[in-house]
Amino acid sequence: MNEQNTPSLPRRDYLKWMGAAGLAATGISGHAQSAWPNKPIRWIVPFAPGGTSSIVARTIAAELTKQMGVSFIIDNKGGGGGVPAMQEMMRTPADGYTIVMSHIGLMAVNPLIYPDSGYDVNKDFVPVTLLSRVPSLFVVHKDVPVTDLKSLIAYVKARPGQLNYASAGNASAGHLAMEALKLATGMFVTHIPYRGTGPALNDVLAGRIQLFSAGTPALLPHIKSGALRCLATGTTERIPVLPDVPTVAESGLKDFETVQWYGITARAGTPTEIILKLQQECAKVMKSPEVMAKYAAESAIPGGGPSSEYAAFIAKEQARWKDVVIKGQIKPG
């Protein structure tokens with residue numbers, strides 16, 4: 001800058017002016033940052049209503065709304081393995097007013113099967129916090145004549161390709177859990193993807209689909225009613241809400257483990273102060289009586305840790321599921 005064109009301001013005021021200009025260039029004012037949030041926050045859930053992702057999001061959103069004094073509005077955007085939801089996120093400002101429910105498929109599997117999605121989950125998005133880890137349950141319709149995982153394997157192997165399993169969509173947690181089980185057992189069952197757990201569950205309950213894997217929030221009511229029979233859990237230990245149901249590992253498949261997980265992700269470039277505030281508010285939510293009771297009733301494990309912890313968790317999951325994607329030949333739906 002030419003010296004004679006330098007603003008004739010005292011040094012302190014000049015530095016303040018330069019700082020304000022820098023913030024203006026990003027489209028974010030210092031006041032806007034400190035005032036966040038001052039309007040409703042849109043929370044995109046990349047599945048149709050009725051599934052675990054929606055149940056978790058609505059539970060947390062209700063508490064965040066009470067704590068923060070602004071509405072968290074759930075926007076279900078199902079289909080396409082969550083890719084359309086993430087593409088929509090890419091079109092929103094990085095201002096913290098639009099967030100997305102992230103999960104195993106969106107963050108760990110889609111990068112492998114949708115290389116031309118137009119975004120990079122590790123560069124274009126920033127993890128905020130892990131919200132919960134939910135036990136994966138393996139269930140059958142009540143009319144399927146099996147009582148445990150061992151009898152299911154024998155039943156399927158006597159009828160290769162005749163049974164179907166539903167999922168919330170390609171690369172959903174349930175899809176991955178069932179593919180991992182197929183690889184471990186050698187079962188041949190056909191995958192029928194839906195646009196969310198809700199629509200898939202409807203067909204399972206109607207008996208049109210025989211097998212299903214999903215989280216405790218969506219399945220427990222139907223297990224307790226007798227409409228579905230839970231054969232095993234994907235956890236390393238039996239869960240309190242279903243103490244009589246063995247784990248897959250107990251059923252003869254040593255070291256087998258699969259759980260569903262859900263968190264919050266924002267656009268890369270969202271101010272660090274906003275990421276930190278949202279993470280801290282979520283940590284408070286985890287300790288609220290309502291959420292603690294809800295999680296305990298579903299044997300869910302609460303999250304709420306810092307962004308760096310969630311980022312490390314995602315990286316670990318990306319490495320872990322790569323083998324299943326390759327061996328299971330999981331492709332875009």
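Predicted model: local features only at pLDDT ≥ 70, side-chain atom pairs only at ≥ 80, totals over all residues.
View A. The neighbours here are strand S4 (residues 125–141) and S9, and they pair in the antiparallel sense. Nine bridges hold that pairing.

View B. Strand S3 covers residues 98–103, and four bridges join it to S9. The two run antiparallel. To find your way around, look for His103: its bridge partner in S9 is Tyr262.

View C. How many of the nine residues of S9 are buried? Nine of the nine are, so the strand is largely enclosed by the rest of the structure. Take Trp261 as one case: its relative accessible area is 0%, so it counts as buried.

**View D. Trp261 meets Tyr310.** Five aromatic pairs are counted in the model, and here is one of them. The ring centres of Trp261 and Tyr310 are 6.1 Å apart and the planes sit at 90 degrees, so this pair is edge-to-face. It's a link between distant parts of the chain: Trp261 belongs to strand S9 (residues 259–267), while Tyr310 belongs to helix H12 (residues 307–327), 49 residues apart. Trp261 and Tyr310 are both buried.

**View E. Trp261 has Phe313 as another ring partner.** With centres 5.1 Å apart and planes at 85 degrees, the rings of Trp261 and Phe313 form an edge-to-face pair. Trp261 is in strand S9 and Phe313 in helix H12, so this pair ties together parts that lie 52 residues apart in sequence.

**View F. A lysine over a tyrosine ring.** Now for a charge and a ring. What sits over the ring of Tyr97? That would be the charged end of Lys39, 4.6 Å from the ring centre.

View G. Is Cys230 buried or exposed? Its relative accessibility is 10%, and buried means under 20%, so Cys230 counts as buried. Cys282 comes out at 0% relative accessibility and counts as buried too.

Definitions and conventions:
Residues numbered from 1 in each chain as written. Heavy atoms only, no water. Phe/Tyr/Trp six-rings, centres within 6.5 Å; stacked < 30°, edge-to-face > 60°. Buried < 20%, exposed > 50% of the residue type's maximum accessible area, 1.4 Å probe, protein only. Lys NZ or Arg CZ within 6 Å of the ring centre and 35° of its normal. Pairing = 2+ DSSP bridges.
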